[in-house]
Amino acid sequence: MSLFSLMWANLFRKRTRTTLTLLSVMVAFLLFMLLQSIADAFAVGPQIAGNDRIVVGAKYSQIDNLPYSQKQQIMAVEGVEAITHTTWFGGMYQDGKSFFAQFPVMPLEYFEVYSELMLEPADALQRFARERGSAVIDIGLVDRFGWQVGDVVPLISQIYSKKEDGSRTFEFEIVGTYSDNGRSSSFPVMLFHYERFRESVAFGGDSVSQWTVRVSEPDRADEIAQEIDALFENSSDPTRTTTEDESNREFARQLGDMGFITTMIMSAVFFTIVLLTGNTMTQALRERIPELAVLKTLGFTDMTVSLLVLGEAVLLCLVGGAIGVGMAFLLGPGLSVSLEEVLGSFEIAPQAALTGVGLSLVIGLVIGALPAITAKRLAIVDALRRQ
Amino acid sequence: MFAQIREITLMNLQNLSSRLGSSSVIVVGIGGVVAVLVGLLSMATGFSAALNSTGKADRALIMREGSTSEMNGAMSAGQRATIRAMEEVATASGETYVVAAIEKIGTDVPANVVVRGVEPPSFDIRPEVKIIEGRRFEPGRAEIIVGVKAASQFKGLGVGETLKVRDQSWQVVGHFVAGGSVTESEIWADLANVQSAFRRGGTSNTMRVQLVSPEAALKLNKRLREDPRFDLMVRTEREHYAEQSRDRATLINDFGVAVGIIMAIGAVFAALNTMYSAVSSRTVEIATLRALGFSSLPVVVSVMIEAMALALLGGLLGGGLVWLAFDGYTASTLNNASFSQVAFDFAVTGDLLQMGLTWALALGLIGGLFPALRAARLPITTALRGE
């Protein structure tokens with residue numbers, strides 16, 4: 001009988017105890033996966049490899065607008081490859097209970113800068129660029145509102161009113177959806193034509209909330225950011241430029257310290273798990289002392305017996321951890337529907353699975369260490385006497 | 001019967017000390033659940049409390065029709081004068097609500113702080129605003145006062161320091177409290193200063209109104225909405241702040257309960273485990289009692305009482321720990337309706353602790369029930385043999 005099957009058989013000598021312990025380890029790791037994925041969604045935002053974008057906003061206040069006239073000046077900075085801009089429109093759909101953002105953009109510029117975004121159907125970008133009343137939406141909004149291409153969506157802007165009649169209701173025809181390789185953004189938005197915006201609003205048609213700039217060399221991003229800020233430092237509209245990744249992180253940090261909350265909860269959970277499983281292993285060991293002595297008598301070395309006990313703890317934690325991690329992936333899709341309103345997009349993070357399994361291994365080792373040492377030190381004569 | 005229950009229970013509780021290790025699993029497991037649950041809910045409670053204590057039923061905001069945020073809207077001086085003269089209005093004050101980017105203490109990135117431009121009557125409308133250090137700003141001078149929560153969360157807001165916003169430098173001349181409400185997270189400045197710094201001309205975003213009575217809110221709302229000169233509505237402070245807090249508080253609340261339930265499942269497994277092993281280690285003892293004529297009910301009850309006593313201890317420990325560590329702990333989050341930081345104190349209330357203890361007892365009940373039934377069903381003869 002191999003050492004592994006011996007461990008396995010030992011684990012199930014008390015079926016109820018092992019099952020219950022396994023279940024609580026599993027629950028702990030399920031919780032770990034969910035919390036870690038939520039914390040990831042908050043902390044990092046969409047991870048974009050080799051991000052070559054920088055973001056230019058108003059220096060003193062996020063609600064300030066920048067003038068459209070800055071565009072030419074930013075374009076002239078060396079290293080700037082492409083530029084696009086967004087404006088906070090503040091539209092509300094129906095009762096406004098389910099909020100999402102809308103930005104007027106120049107269609108071709110926007111999708112040039114955000115080149116990873118794919119539009120559907122095939123003619124979406126063409127139509128978006130040509131038809132002024134059109135809009136394209138993140139697929140996350142399709143899931144949330146059930147909109148389809150061809151639908152007309154009325155939005156009431158909290159900020160802008162129409163030039164012609166002062167009304168604040170604007171209508172948009174959806175001509176396409178976009179996604180990053182089938183994934184929705186963590187902050188799904190509706191994009192509509194900037195020319196339509198400029199022509200129809202009563203005031204503020206040339207205001208820009210934020211410029212997004214693609215630079216030719218990501219390594220020089222910080223340098224270019226400083227150059228742009230220097231351009232407007234002494235103008236009436238000073239700017240603050242950061243890389244897109246940094247800007248996402250800053251926004252997430254404003255929401256609150258999810259990392260802190262997650263850490264607090266997980267410490268409570270893992271402390272309990274270590275105690276619980278540790279207790280199970282100690283019990284299991286105590287019951288088996290004479291048996292271990294028999295093994296030693298039969299010629300098993302101290303090391304092997306010790307490994308046997310350690311392996312049992314590790315096995316218990318690994319199996320429980322793996323099931324918990326697996327469960328998280330099973331439950332993930334169901335949860336993401338309810339979490340998407342809050343987090344934009346939510347999915348169980350694959351990298352959290354690695355951390356989870358690694359963590360279960362570590363916890364197994366911690367728990368198994370003491371019983372393993374005890375088992376190693378057992379003197380055969382004493383142990384056999386303890387019947 | 002009761003005498004039997006008392007005897008067995010006392011006996012069980014007295015030899016608890018010999019099962020300290022495994023019993024502590026219940027205490028810690030359930031303590032953890034209660035701690036996390038109460039901790040998260042105290043966050044939701046604190047957040048709601050900060051927003052709700054801001055609102056009074058006989059004070060109202062006049063804001064742009066359909067708007068949810070004080071940031072929108074533009075009321076001219078003429079419109080403000082017309083409203084001041086209306087019979088439902090006792091006192092009214094024009095206010096402009098903007099956000100400024102200031103570095104948070106402990107970070108080097110800016111977060112949003114509310115800067116509220118106020119007219120002198122704003123102080124009369126909010127008697128809870130009291131200067132605790134320094135003095136009020138003088139109208140017309142480049143001076144500001146800072147809420148205590150804003151001062152403790154952001155850099156450079158001490159009395160005597162200078163805040164640079166756009167082309168202006170404002171000197172901090174005082175700190176104020178506001179009855180623990182969200183107002184304490186704000187910076188107050190003279191309306192005229194904010195108008196000129198943020199280029200708002202003579203307009204204010206909203207008006208804050210002391211109504212002649214709570215009933216006047218409806219009348220004033222009807223009057224304004226029917227008046228073609230205005231695109232305005234009236235919301236009482238209570239409505240306004242309750243709505244702002246609802247989503248976030250519900251979210252934290254749901255999150256707390258969800259995490260609590262998952263942890264509770266894990267803790268029930270742990271409790272079952274402990275109680276099963278408690279029962280199995282006392283097999284002979286229980287069988288002896290039964291042979292002596294004790295009926296099975298007292299055995300069941302005693303096992304359940306033991307589980308619940310341990311659970312209660314865990315609940316008290318968890319709740320107490322959270323109360324000691326987190327009650328009054330100040331955290332801040334982004335208020336979605338205004339893009340600004342709201343600081344709030346965790347509130348571990350009696351209600352929450354009571355709920356935590358109820359959870360603990362319920363978990364103890366479930367954790368004790370099945371092992372108790374097993375104990376009662378033990379066939380006396382086999383059990384006496386000690387198998």
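Domain bounds come from an automatic or database domain assignment. The model is a predicted one, in which local features need pLDDT of at least 70, side-chain atom pairs count only at pLDDT 80 or more, and totals for chains, interfaces and linings use all residues. Residues are numbered from 1 along each chain as its sequence is written, and chains are lettered from A in the order in which they are written.

**View 1. The two domains of chain B.** Chain B is split into domain 1 (2-52 + 244-384) and domain 2 (59-212). Taken over C-alpha atoms, the centres of domain 1 and domain 2 of chain B are 47 Å apart. Domain 1 of chain B gives 11 residues to the contact and domain 2 of chain B gives 16, where contact means C-beta atoms, placed from the backbone, within 7 Å.

**View 2. The side of domain 1 of chain B that touches domain 2 of chain B.** Two or more residues each come from α2 (20-52), β11 (330-335) and β12 (340-345) of chain B. Helices (H or I, at least four residues) and strands (E, at least two) are DSSP runs, numbered from the N terminus. The largest share, four residues, belongs to β12(B).

**View 3. The largest nonpolar core.** Such a core is a set of buried Ala, Val, Leu, Ile, Met, Phe, Trp, Tyr and Cys residues joined through C-beta atoms within 7 Å; buried means 20 or more other C-beta atoms within 10 Å of the residue's own. Of its 117 residues, L31(A), I30(B), V33(B), A271(B) and L363(B) touch the most other members. α2(B) contributes the most, 19 residues.

Key: Contact = placed C-beta atoms within 7 Å. Buried ≥ 20, exposed ≤ 12 C-beta atoms within 10 Å, placed from the backbone.
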